Amino acid sequence: MIHAPTGENIAAAANILQSGGVVGVPTETVYGLAGSIRHPGAIAEIFRRKGRPHDNPLIVHVASLSQAYELTTDEGRIAIDALCTYFWPGPLTIVVPASKDVPDAISVGLDTVAIRMPAHPVFLDLIRQTGSPLAAPSANVSGRPSPTRAEHVLEDLGDDVFILDGGPCEHGIESTVVQITGDVLHILRPGAISREQLEERWGGELSRAQAQGNQGIVRSPGVKYRHYSPSASVVLSYSVDDALSLLQQYGENTCALIPASFVGQFYPHTVRLLSTVTLFDEFRRADALHTGTIVVLCDESVLANEALINRLRKAAGIDGKG
Ligand code: TXA
Ligand code: MG
C-alpha cells in the first residue's frame with residue numbers, strides 16, 4: 001500500500017523495519033526497497049521480492065557519518081572524508097573495505113561495502129527512527145526500469161509492501177557508484193553525479209575503466225546484468241534521418257524519444273521528450289501503452305551525458321548481458 005509521508009506513517013515504517021520487514025522508500029534518485037542490515041530475513045526478502053541475482057551486492061544507506069564509519073575500516077574512513085563529506089547527503093555511493101559489521105548477505109562475499117547517505121528527508125528520517133543503516137536496492141523487479149514514483153513500486157512489487165510516498169524523484173536516475181584505489185577514482189556506475197562534478201573535487205586521476213579486483217573480477221557485479229529495460233524494444237539512432245527511417249521501418253506501434261529541440265522534425269510520429277529525469281518514466285509509459293519499439297535519438301548532448309547514454313545502451317541491449 002502507498003502511504004503519505006506523515007510522522008505517523010514514517011514511525012509505522014520504522015516499526016516494520018525494526019521487526020525485520022521491508023519498506024518501499026523514496027530517495028532523491030529512484031525509489032528503494034529497504035531492509036535493516038541487522039535482519040538477515042529482511043535482506044533475503046529484498047532479494048526474493050526483486051528476483052535479484054544472488055551475486056549482486058546491496059547499497060547500505062546511512063543517516064550520519066558515524067553510521068558510515070562503523071561499516072568500514074580506517075582506509076574507508078579516509079576515502080569517505082576525502083570525497084563523500086562534500087557530496088553527502090546526495091547521490092554518490094562509495095565502495096570501501098567492509099568492517100565486520102557488514103553482513104555477508106549484503107556484500108555477497110566481497111570484502112567491500114557500498115555506502116551512501118541519501119538526500120531525501122523522508123528516507124533520512126526513516127533511517128534515524130529505525131536506528132540502523134538500511135540496505136536498499138532500487139525497488140523494481142530486477143531488469144525493469146527503476147521506479148521514480150511510488151506507483152511504480154506498487155506496480156512491480158505488489159500491494160502487500162508498505163510504500164512511503166515521497167513524490168516523484170528529483171534525479172530519476174540512480175546514484176553514481178565510485179571506488180578509490182590509491183590515487184585513482186574509478187566510476188563503477190555513472191549516475192546522478194557527473195564526471196565533471198567529481199573531477200572538480202578530486203585532485204588525482206579519474207579513471208574511465210572500472211576498478212579490477214586481484215583476479216581481474218569486475219568490482220561492481222550489477223553492471224554485468226541487463227538493466228533498465230522496458231518490454232518495448234529500444235533502438236538507438238544517431239541522426240534525425242536515421243531515427244525517421246527507423247520509425248518508418250518499425251511501423252505503427254512506435255514512439256520517438258528525442259531531445260526537445262528536434263520535436264518539429266518528427267511530425268506526424270508519436271514523440272516523447274528525452275531527459276535523464278524522465279527516462280525511466282517514459283519507459284514505463286511506453287509499456288503501459290503497449291508500444292512495440294522506442295526509437296531514441298542520441299544527439300551530441302545525449303552522447304555527452306554519461307549516465308543517460310549508459311542507461312540507454314543497457315536498455316537497448318548493447319551493453320551488459322540479459
Ligand atoms: O540511487 C541508488 O543508488 C539507488 C537508491 C535506492 O539508493 N540504489 C540502487 O541500488 O541503485 P541497486 O542495488 O539497484 O544498485 C547498486 C549497484 C549495483 O550495480 C551493485 O552491483 C553495486 O551498486 N554495488 C553494491 N555493492 C557493491 C560493492 N561492494 N562493490 C561494487 N559494487 C557494488
Ligand atoms: Mg537497480
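How many of the five residues of strand β13 are buried? Five of its five residues are buried, and β13 is mostly covered. Here "buried" means under 20% relative accessible area, with exposed over 50% and partly exposed in between, for a 1.4 Å probe and protein chains only. Strands are DSSP runs of E of at least two residues, numbered from the N terminus.

Before I continue, a word on the model. This is a predicted model, in which local features need pLDDT of at least 70 and side-chain atom pairs count only at pLDDT 80 or more, while totals for chains, interfaces and linings use all residues. Residues are numbered from 1 along each chain as its sequence is written, chains are lettered from A and ligands numbered from 1 in the order in which they are written, and side-chain values use heavy atoms, leaving out hydrogens and water.

Let us return to β13, which covers residues 254-258. T254, A256 and I258 point one way from this strand, C255 and L257 point the other way, and all are buried. In a regular strand, side chains alternate between the two faces of the sheet.

Next, the neighbours of β13. Two strands are said to pair if DSSP finds at least two bridges between them. Strand β13 pairs with β15 in the parallel sense over four bridges; A256 stands opposite V295, and C255 stands opposite I294. Three bridges join β13 to strand β14, residues 271-273, and these two also run parallel. There, L257 stands opposite R272.

Strand β15, residues 293-297, has five of its five residues buried, so it is largely enclosed by the rest of the structure. Five bridges join β15 to strand β12, residues 233-237, again in parallel, and S233 of that strand stands opposite T293.

I turn now to the nonpolar cores. A nonpolar core is a set of buried Ala, Val, Leu, Ile, Met, Phe, Trp, Tyr and Cys residues joined through side-chain atoms within 4.5 Å. The largest has 60 residues, and W88 and L92 are among those with the most contacts inside it. Apart from it lies another core, of 20 residues, including I294 and Y228.

C255 is itself buried, with a relative accessible area of 8%. By this rule, the count comes to zero disulfides.

Technical notes. Disulfide = S-S within 2.5 Å.
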